[in-house]
Amino acid sequence: MSIELESPDLHWMRCALVLATLAAREGEVPVGAVIVRDGELIAEGRNSPIAGNDPTAHAEIQALRAAGRALNNYRLGGTTLYVTLEPCPMCAGAMVHARVERVVFAATDPRTGAAGSIYNILQSNELNHRCEVQGGVLAEESAALLREFFRSRR
C-alpha cells in the first residue's frame with residue numbers, strides 16, 4: 001500500500017480556495033491568493049474591494065502587499081503566487097513589477113483574464129519580466145465557488 005502525497009500546487013491552491021470561501025462569506029467575489037517561497041507561506045490575500053471601498057483590493061494585490069511587507073522588499077523574486085481566478089490586467093501588471101517567478105491559477109476568466117485568456121501580460125515579450133504560468137489547478141472547484149456566489153446574488 002502506498003500513500004500518495006499531494007503536490008505542492010494542489011496544497012497551496014487549496015489554501016487559496018479557503019481564502020476565497022472566506023471572501024464569499026463576507027460578500028466579496030470569492031477569490032483568494034497565497035504567495036509561497038521555498039515551500040513556505042509568505043503572504044495571503046482575499047478579495048475585499050467592497051469592504052475596503054478600494055477598487056484595487058483584489059486578492060492578488062492584497063497578497064503582494066503583504067509579501068512585500070513580510071520580505072521587506074518590493075521585489076518578490078523566487079516566489080510563486082497561487083490564485084483561484086486568472087489574474088486581471090491590474091494584478092498581472094503588479095506581478096510583473098514585483099518579479100513574481102511563477103503564477104498558478106485555478107479558473108480562467110474569459111472576460112478579463114490576463115494570463116492567456118484575453119491578454120497575456122504575464123508572459124509578454126514587450127515587458128522586462130515574464131512569469132512562468134500554470135493554469136487549471138483545481139479549476140472546477142474554483143469555478144463552482146464563483147458560480148454559486150453569483151447564482152446566490154441573482
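Predicted model: local features only at pLDDT ≥ 70, side-chain atom pairs only at ≥ 80, totals over all residues.
These numbered points walk through selected features of the structure.

1. How many disulfides does the structure hold? The count is zero. Take Cys15 to begin with. Cys15 belongs to no disulfide, and the nearest cysteine sulfur, in Cys91, is 19 Å away. A disulfide needs two cysteine sulfur atoms within 2.5 Å. Cys15 itself is partly exposed, at a relative accessible area of 27%.

2. The cut-off is 2.5 Å. As a reminder, a disulfide is a covalent bond between the sulfur atoms of two cysteines. Is Cys91 buried or exposed? Cys91 is buried, and its relative accessible area is 0%.

3. **Helix H4 and its cover.** Cys91 is part of helix H4, which spans residues 89–98. The buried residues in H4 are Cys91, Ala92, Gly93, Met95, Val96 and Ala98. What covers them? The cover includes helix H3 (59–71), strand S3 (79–85) and strand S4 (102–107). Find these elements in the structure, then look at H4 between residues 89 and 98.

4. **How H3 meets H4.** The axes of these two helices come within 9 Å. They cross at roughly 25 degrees. Angles under 35 degrees count as roughly parallel, so H3 and H4 are roughly parallel to each other. On the H3 side, the contact is made by Glu60, Ile61 and Leu64. On the H4 side, it is made by Met90, Cys91, Ala94, Met95 and Ala98. What is the handedness of the crossing of H3 and H4? The crossing is left-handed.

5. **The end of H4.** Look just after H4, at Arg99. Arg99 lies in the loop between H4 and S4. Its phi is positive, about 65 degrees, although Arg99 is not a glycine.

6. Which loop holds Asn53? Asn53 is in the loop between H2 and H3. Phi of Asn53 is near 45 degrees, a positive value in a residue other than glycine. Asn53 counts as exposed, at 71% relative accessibility.

7. **Ala57.** Ala57 also lies in the loop between helix H2 (49–52) and H3. Is Ala57 buried or exposed? Ala57 is buried, with a relative accessible area of 2%. Leave out residues up to four places away in sequence, and Ala57 touches Arg46, Asn47, Ser48, Pro49 and Gln62. Now pick out Ala115, which is 58 residues from Ala57 along the chain. Their C-alpha atoms are separated by 19 Å.

8. **Leu19 in helix H1.** Helix H1 covers residues 8–25 and contains Leu19. Leu19 counts as buried, at 6% relative accessibility. Which residues does Leu19 contact, leaving aside neighbours within four places in sequence? They are Gly32, Ala33, Val34, Glu44, Gly45 and Arg46. Asn47 is 28 residues from Leu19 in sequence, and the two C-alpha atoms are 8.7 Å apart in space.

9. **How H1 meets H5.** Helix H5 runs over residues 139–153. H1 and H5 pack at an angle of about 0 degrees, and their axes are 11 Å apart. These helices are therefore roughly parallel to each other, since angles under 35 degrees count that way. H1 makes the contact through Leu17, Ala20, Thr21 and Ala24. H5 makes it through Glu141, Ser142, Leu145 and Phe149.

10. **The aromatic pair.** The count of aromatic pairs comes to one. Which residues form the pair? Phe149 and Phe150 do. Their ring centres are 5.1 Å apart, and the planes are at 80 degrees. Planes over 60 degrees apart count as edge-to-face, so this pair is edge-to-face. Phe149 counts as buried, at 8% relative accessibility. Phe150 is partly exposed, with a relative accessible area of 35%. Phe149 is also one of the H5 residues that contact H1.

Definitions and conventions
Residues numbered from 1 in each chain as written. Heavy atoms only, no water. Buried < 20%, exposed > 50% of the residue type's maximum accessible area, 1.4 Å probe, protein only. Phe/Tyr/Trp six-rings, centres within 6.5 Å; stacked < 30°, edge-to-face > 60°. Helix = DSSP H or I, 4+ residues; strand = E, 2+ residues; numbered from the N terminus. Contact = heavy atoms within 4.5 Å. Axes fitted to C-alpha atoms, helices over the stretch in contact; angles between N-to-C directions. Parallel < 35°, antiparallel > 145°, perpendicular 65-115°, else oblique. Left-handed = near helix turned anticlockwise from the far one by under 90°.
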